[in-house]
Amino acid sequence: MTPVYLDNNATTRVDPRVLEAMLPMFSGVFGNPSSAHSFGASAKTAVATAREQVRALIGAAHADEIVFTSGGTESDTLAILGALAATAGAGGATTGRSEVVISAVEHPAVRKLCASLTKTRGIVVHEIGVDGRGRIDRDAYAAALSERTALVSIMWANNETGTIFPVADLAAQAKDKGALFHTDAVQAVGRLPFGVAERMIDLLSLSGHKLGAPKGVGALYVRRGVRLGAQTIGGAQERGRRAGTENVPGIVALGAACALAAERLPSDTPRIAALRDSLETGLFARIAEAKVLGDPDSRVANTTSIAFADVESEAVVRLLDRRGIAVSSGSACAAGSVEPSHVVRAMGVLEQFARGVVRFSLSRDTTADEIARTIDCVSDVIADLRADALDPAA
Ligand code: PLP
């Protein structure tokens, strides 16, 4: 039986149309975009087309606001270090602004980077908590913002729960205090309608492999006028903001994936949400003591994170894998650790449920048959694990 892949927040299959668009870049159009001859010109044109496709999907005003990178992690790093280099100077010496505000449920690309900034440079980082649904504490956020804030970095949608943050409001509050606003939109781009230009967002990270392009390519949106200190120094690529010969096949793939997402978003979203809802309904009809983590009123359509009481999520993932169903426990990036993820901890999930969190993340390829199979297998696996726990001799 064909395996069921429900781990699209970890990574997605490269869409066949995206693969088709990128393949010529390995052979026919292999030039260096910086070269003066026609090979270079063709590659340069391909990169320009991709830049426009990314711009269009996120609703940026200008194509030159898109900087291509190697993925979400690099985009987050460039945004945070680049903004601090330009705004805060050495310890805020230039502007008096040196503090950073993030949420407690950011991806490690933001959270660990900020922790290292505190450790190595003494930068004050305010980490804002969330409630049981993963919603940011608005009072604590308002209280953390001040004339000392250089940068806010709050994700658009959480990778583990799918909870959507009110980034437009959060950005407006940050701007009121004169701070820059960055959002890690890796799990939101291609899954939600965008209009970055009309929101007060200065910097936005996205990653190709979460939306049908390959791994190793991403982009950072940098609103015109925002000063950014380059983190890779060398050639003049990406208008001096990211030196290094462009990953032309990856960039072309990212552009094609963005164009496809823009075209498919209106029809994909309700269909995927309906499948996600039927998965939840089916599971809750057959499994007691299970609940959705995240905000049911504001979630990306493809994600559901379910906490099953009295089981270990690692065991659930392993047993489902044997039955040909790929899901993840909490966050794939935290796999290997049997501790509940920092997101589950930040949401204050009860201990009985905290170790049994399983994330199902769908894609436009997910079918109703696959959801039906998943419901059957998950129900069996949870029943078996709970029975084993009750029978120590088993
Ligand atoms: N930010 C979020 C919210 C993510 O989910 C991920 C990947 O899981 C990243 C950043 C890192 O992206 P990349 O794998 O492209 O470096």
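Me: What percentage of the accessible surface of the protein chain belongs to carbon and sulfur atoms?
Reply: This is a predicted model, so the areas are computed from predicted coordinates. The accessible surface of the protein chain comes to about 16000 Å². The part of it that belongs to carbon and sulfur atoms is 55%.

Me: What radius of gyration does the protein chain have, and what would a compact globule have?
Reply: The C-alpha trace spans about 70 × 55 × 35 Å along its principal axes. For 394 residues, a compact globule would have a radius of gyration near 21 Å. The protein chain agrees with this, because its own value is 22 Å.

Me: How many helices and strands are in the protein chain, and what percentage of its residues count as buried?
Reply: The protein chain holds eleven helices and 13 strands. Among its contacts with a separation of 6 or more, 73% are between residues 24 or more positions apart. Of the 394 residues, the share that counts as buried is 55%.

Me: Why is strand 5 described as largely enclosed by the rest of the structure?
Reply: Strand 5 covers residues 149-153. A residue counts as buried when its relative accessible area is under 20%. Strand 5 is largely enclosed because the number of its five residues that are buried is five.

Me: What is the strand order of the open sheet with antiparallel pairing, and which are its edge strands?
Reply: This open sheet has four strands, in the order 9-10-13-12. An edge strand pairs on one side only. That applies to strand 9 (290-293) and strand 12.

Me: Which residues of strand 10 point the other way from Thr303, Ser305 and Ala307?
Reply: In a regular strand, side chains alternate between the two faces of the sheet. Six of the six residues of strand 10 (residues 303-308) are buried, those pointing either way included. Opposite in direction to Thr303, Ser305 and Ala307 are Thr304, Ile306 and Phe308.

Me: Which residues of strand 13 stand opposite Thr303 and Ser328?
Reply: Strand 10 is joined to strand 9 by four antiparallel bridges, and to strand 13 by five antiparallel bridges. Strand 12 is joined to strand 13 by two bridges, also antiparallel. In strand 13, Thr303 faces Ser361 and Ser328 faces Arg359.

Me: What covers the buried residues of helix 8?
Reply: Helix 8 spans residues 313-322, and its buried residues are Ser313, Ala315, Val316, Val317 and Leu320. Just after helix 8, Gly324 takes a positive phi of about 85 degrees. The cover over the buried residues includes strand 11, strand 12, strand 13 and helix 11.

Me: Is Thr77 buried, partly exposed or exposed?
Reply: Thr77 lies in helix 3 (residues 72-88) and touches Gly82 and Leu113, leaving aside residues up to four places away in sequence. Its relative accessible area is 23%. Buried would need under 20% and exposed over 50%, so Thr77 is partly exposed.

Key. Residues are numbered from 1 along each chain as its sequence is written. This is a predicted model: local features need pLDDT of at least 70, side-chain atom pairs count only at pLDDT 80 or more; totals for chains, interfaces and linings use all residues. Side-chain values use heavy atoms; hydrogens and water are left out. The radius of gyration is taken over C-alpha atoms; the globule rule is 2.2 Å times the number of residues to the power 0.38. Buried means under 20% relative accessible area, exposed over 50%, partly exposed in between (1.4 Å probe, protein chains only). Contact means heavy atoms within 4.5 Å. Accessible areas come from the Shrake-Rupley method with a 1.4 Å probe; for residues, only the protein chains shown count as cover. Two strands pair if DSSP finds at least two bridges between them.
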